[in-house]
Amino acid sequence: MLLMKRVCWFLSVCCLLACTGTATPTGLQPVTGFKPDQYLGNWYEIARLDHSFERGLQQVTATYSLREDGGLKVINRGYDTKKQEWKEAEGKAYLVNGPDTGKLKVSFFGPFYGAYNIIALDQVNYNFAMVAGPDRDYLWILSRTPTLSFPIKAELIARAQAWGFNTSELIFVDQSGGNSIQPAHRDTFRH
C-alpha cells in the first residue's frame, strides 16, 4: 500500500511538472530584449522561497553553458549543511518564446520540464536576475557575485512583494564559504 501511494505521488508530481513547464505567474511577463549568451556562466543564489529540493542547502550556484542541440546545460550545486556534503544536479533548458524573451523550460529528470521565468534582470551587465517558476510559490534572486548590494536586493524584494510573492518567507542563502569546498559526495537537487 505504501509503495502504491509513493507511485501515485510520483506520477502526480510528474503530471504537475509536465503541465507547468511553460506557465508564467498570472499577471507577470518574462523580460524581453533577453540575450541568452550574456546569461551564460555562473550565478549565485542570493535568496529563494523554500522547496524540498533545496531545503538546507547553502552556497547554492547555478551554472549555464551552451548545449550542442542549441539549448542550455544547467548545473545546480549547493552544500547540505546537515549532511555536510555537496549536492549537484545537471539539467537542460530551452527558450520557449524565442531568443529575446527570458522564458525557459528546464528539466532535471526525464521528459518533464519546469517553468523558468526571468521576471527582472540587469539588462545592461547581466549582474542580477529574479526568476519565478510557474506560479508565486517559486522565486529566486540571483547574482553574478556571492553578495548583492543592499539597494539592489531591497529593490528586487520590494518588486517581488508588489507582484504578490510572499517575501517574508524568503531564505537568504549563505555564500560565505565561497564554493571553495570540492564536492566529496554528489547527490541531486534541482532549481
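1. In this predicted model, E155 and R159 are joined by a salt bridge, with 3.4 Å between the closest N and O atoms. Both residues belong to helix α3, which covers residues 150–162, and they sit four residues apart, about one turn of the helix. E155 has a relative accessible area of 42% and is therefore partly exposed. R159, at 30%, is partly exposed as well.

2. A network of salt bridges with shared partners links E45, R48 and E54. The bridge between the side chains of E54 and R48 has an N to O distance of 3.9 Å, which lies inside the 4 Å limit used for a salt bridge. As to burial, E45 and R48 are both buried, and E54 is buried too. The salt bridges of the model number seven under this rule.

3. How exposed is G41, and which residues does G41 contact beyond its sequence neighbours? G41 has a relative accessibility of 24% and so counts as partly exposed. With neighbours within four places in sequence set aside, its contacts are A62, T63, Y64 and R144. G41 is located in strand β1, residues 41–48.

4. Q175 is placed in the segment after β9 (171–172). Its relative accessible area is 6%, so Q175 is buried. A polar atom of the Q175 side chain lies 2.8 Å from the backbone oxygen of V60. Once residues up to four places away in sequence are excluded, Q175 touches Y44, E45, Q59, V60 and P146.

5. Is Q84 buried or exposed? Q84 has a relative accessible area of 61% and is therefore exposed. Q84 occupies the loop between β3 (72–80) and β4 (85–95). From Q84 to L57 the C-alpha separation is 9.8 Å in space, for 27 residues in sequence.

6. The model contains 10 aromatic pairs. One of them is formed by Y39 and Y64, with ring centres 5.3 Å apart and 55 degrees between the planes, a tilted arrangement. Y39 is in helix α2 (residues 36–39) and Y64 in strand β2 (residues 57–66), so this pair ties together parts that are 25 residues apart in sequence. Y39 has a relative accessible area of 1% and is therefore buried. Y64, at 5%, is also buried.

7. Y64 also pairs with Y116: the ring centres are 6.1 Å apart and the planes stand at 65 degrees, so the pair is edge-to-face. Because Y64 is in strand β2 and Y116 in strand β6 (residues 112–121), the pair connects parts that are 52 residues apart in sequence. Y116 is buried, with a relative accessible area of 6%.

8. Which residues form one aromatic cluster? The members are F34, Y39, W43, Y64, Y116 and Y126. Among them, Y64 is also one of the residues in contact with G41.

9. The charged end of R77 is positioned over the ring of W86, at 3.8 Å from the ring centre. K105 lies over the face of Y113, with a distance of 4.8 Å to the centre of that ring.

Methods. Residues numbered from 1 in each chain as written. Predicted model: local features only at pLDDT ≥ 70, side-chain atom pairs only at ≥ 80, totals over all residues. Heavy atoms only, no water. Buried < 20%, exposed > 50% of the residue type's maximum accessible area, 1.4 Å probe, protein only. Helix = DSSP H or I, 4+ residues; strand = E, 2+ residues; numbered from the N terminus. Contact = heavy atoms within 4.5 Å. Polar contact = N/O pair within 3.5 Å; in protein donor to acceptor, adjacent residues only side chain to side chain. Phe/Tyr/Trp six-rings, centres within 6.5 Å; stacked < 30°, edge-to-face > 60°. Lys NZ or Arg CZ within 6 Å of the ring centre and 35° of its normal.
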